[in-house]
Amino acid sequence: MADGENTKGISRRDFIKEAAVFGAGAVALTGLATKGALAEEAKDTPSQATAAPTTKEAVAIVKGGNDAKKYEEVMKAARERLFPKCRVCPECDGKACAGEWPGMGGVGSGRSFINNIEALAKRHLVMRTVHDVKKPDMSFTLWGEKLAFPILAACTGGTTYNMGGKIGEDEFIDAIIGGCQKAGTIGMAADGIGDPLSVYETRLRAIAAQSGKGIAIIKPRTQEEIIKRIRLVEASGALAVGIDIDSAGKAARALPGQTVEPKTTAQLRELVRATRLPFIVKGIMTVDEAVMAKEAGASAIVVSNHGGRVLDHTPGAAEVLPAIAEKLKGKLVIFCDGGVRYGADALKYLALGADAVLVGRPVVRGAFGGGQDGVALVLKKMKNELVDAMVLTGTASVRKVQEKILA
Ligand SMILES: Cc1cc2nc3c(=O)[nH]c(=O)nc-3n(C[C@H](O)[C@H](O)[C@H](O)COP(=O)(O)O)c2cc1C
């Protein structure tokens, strides 16, 4: 059978319906598997033959049907609302916005952001299609919470100073946390070092409004300030709390009166013990510090260079993840982020040892372009791409992704 003929025998209505649910690539494979049965059906209902899609319609379907059109509209609206802070480039790779911090770029030369993208791009997926993986298991349970897929929204914030101010922090966080719920996953809330406490409380209210289905991150402030915020997080009903320990640099020097600082293992332990919530240490890039976080009692780490926004010239997260995972896989939850733009990127991080991935800039675009629905659309698109990539690498479960799928 030639490429492009795989819709033969499948009614257009069924194809569109399944494309919306599974993503077109998965449908193409389903089509291969069920061609015989569907061809029989088509024989019985000859009128459907005349309803075959035109080439233009078929292309739209393969790109994701109505969702693809909506996605384009959301990105267009995002471009209008985020410009000039973010140009919503066709490929979000840190080049056009290098050095735009505050803003949406990477700090300094922008190298750390770009390194995230390049480190992922250097790894390739090994395509395998002689197997029986047709509908991969996407489910992932995080501290008792069942997620439809292991892609979460990262904590981002600063709608005025980073994103241009066309929407406020309240609208933004509602889009992130609520949009994640609509997509079947959860989102994180950030803490801005310069933000008044009331802004943090706004973010926590968004988590409370979604019955606590969200995670709250706190800047590495003084111990006393962190513990004060941990109490607020607990009151919101959030699933987990953590600190972005890598925010111990520039912001500390820039803002008099607000202190952020690196933490010792003993200080981390004090924070872990101050709460019954799972505690996350975000911003780990070395094996020894991952081990220290574990020894301090952390329930999770985020292998991350903060989207390249804190220190110039760090490696990409994909370069450091394998060694960290080799040491700690199964001993605590390993999240990884930086440069996840497609489902295939998520699959690469899972293959390198992450349990789940976080997505930053793409969900900011979704929030600005379409609120909760925009965020949900961005995440569902990635989920569909992840399903496709799993089918075409013979990966049966997001919980058992083998490194051998990478070249
Ligand atoms: C505008 C913006 C603001 C961010 N603010 C925070 C923050 O306050 N705390 C934090 O831990 N990470 C913050 N991050 C980093 C993200 O949580 C995440 O690590 C990063 O965006 C992942 O890279 P990606 O954007 O390439 O997906 C921010 C990222 C961006 C783009």
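Histidine 313 is exposed, because 12 other C-beta atoms lie within 10 Å of its own. The term rests on a count of other C-beta atoms within 10 Å: 20 or more make a residue buried, 12 or fewer make it exposed, and anything in between is partly exposed, with C-beta atoms placed from the backbone. Histidine 313 also has a positive phi of about 65° although it is not a glycine. Its place is in the loop between strand E8 (300-303) and helix H12 (317-328).

Before going on, a word about the model. It is predicted, so local features need pLDDT of at least 70 and side-chain atom pairs count only at pLDDT 80 or more, while totals for chains, interfaces and linings use all residues. Residues are numbered from 1 along each chain as its sequence is written.

**The whole chain**

The protein chain has 14 helices and 10 strands. These are DSSP runs numbered from the N terminus: helices are H or I with at least four residues, and strands are E with at least two. Of the 407 residues in the protein chain, 50% count as buried. Among contacts between residues at least 6 apart in sequence, 72% join residues at least 24 apart. A contact here means that the C-beta atoms of two residues, placed from the backbone, lie within 7 Å.

Most residues other than glycine have a negative phi, and most peptide bonds are trans. Tryptophan 143 sits in the loop between strand E1 (140-142) and strand E2 (145-147). With 12 other C-beta atoms within 10 Å, tryptophan 143 is exposed.

Where can you find cis peptide bonds? One joins phenylalanine 83 and proline 84, with omega about 5°. Proline 84 lies in the loop between H4 and helix H5 (111-122). The peptide bond from tryptophan 101 to proline 102 is cis too, with omega near -5°, and proline 102 is found in the loop between H4 and H5.

**How helices pack**

Axes are lines fitted to C-alpha atoms, for helices over the stretch in contact, and angles run from 0 to 180 degrees between N-to-C directions.

| Helix pair | Angle | Axis distance |
|---|---|---|
| H7 (residues 197-209) and H8 (residues 223-236) | about 25° | 8 Å |
| H4 (residues 65-82) and H14 (residues 361-391) | about 145° | 9 Å |
| H13 (residues 343-351) and H14 | roughly 60° | within 7 Å |

The angle makes H13 oblique to H14, whereas H7 and H8 are roughly parallel to each other. Angles under 35 degrees count as roughly parallel, over 145 as roughly antiparallel, 65 to 115 as roughly perpendicular and the rest as oblique.

The crossing of H13 and H14 is right-handed. A crossing is right-handed if the near helix is turned clockwise from the far one by less than a right angle, and left-handed if anticlockwise. On the H13 side the contact is made by Gly343, Ala344, Ala346 and Leu347, and residues including Met382, Leu386 and Met390 take part from H14. By class, the contact of H13 with H14 has seven nonpolar, two polar and three charged residues. In these classes, Ala, Val, Leu, Ile, Met, Phe, Trp, Tyr, Cys and Pro count as nonpolar, Asp, Glu, Lys and Arg as charged, and the others, Gly among them, as polar.

H7 passes H8 in a right-handed crossing. Here Tyr200, Glu201, Leu204, Ile207 and Ala208 of H7 meet Arg229, Leu232, Val233 and Ser236 of H8. The contact of H7 with H8 divides into six nonpolar, one polar and two charged residues.

The crossing of H4 and H14 is left-handed. Residues of H4, including Tyr71, Val74 and Leu82, meet residues of H14, among them Phe368, Gly370 and Leu377. The contact of H4 with H14 has eight nonpolar, four polar and five charged residues.

**Around the ligand**

Which residues are closest to the ligand? They are Ala154, Ala190, Asp244, Gly307 and Gly360, out of 25 residues that surround it. A residue is counted as near when its C-beta atom, placed from the backbone, lies within 6 Å. The shell around the ligand holds eight nonpolar, 12 polar and five charged residues.

Threonine 160 lies in the loop between strand E3 (151-153) and helix H6 (169-183). Threonine 160 counts as partly exposed because it has 16 C-beta neighbours inside 10 Å. From C-alpha to C-alpha, threonine 160 and lysine 85 are 9.8 Å apart in space, and they are 75 residues apart in sequence.
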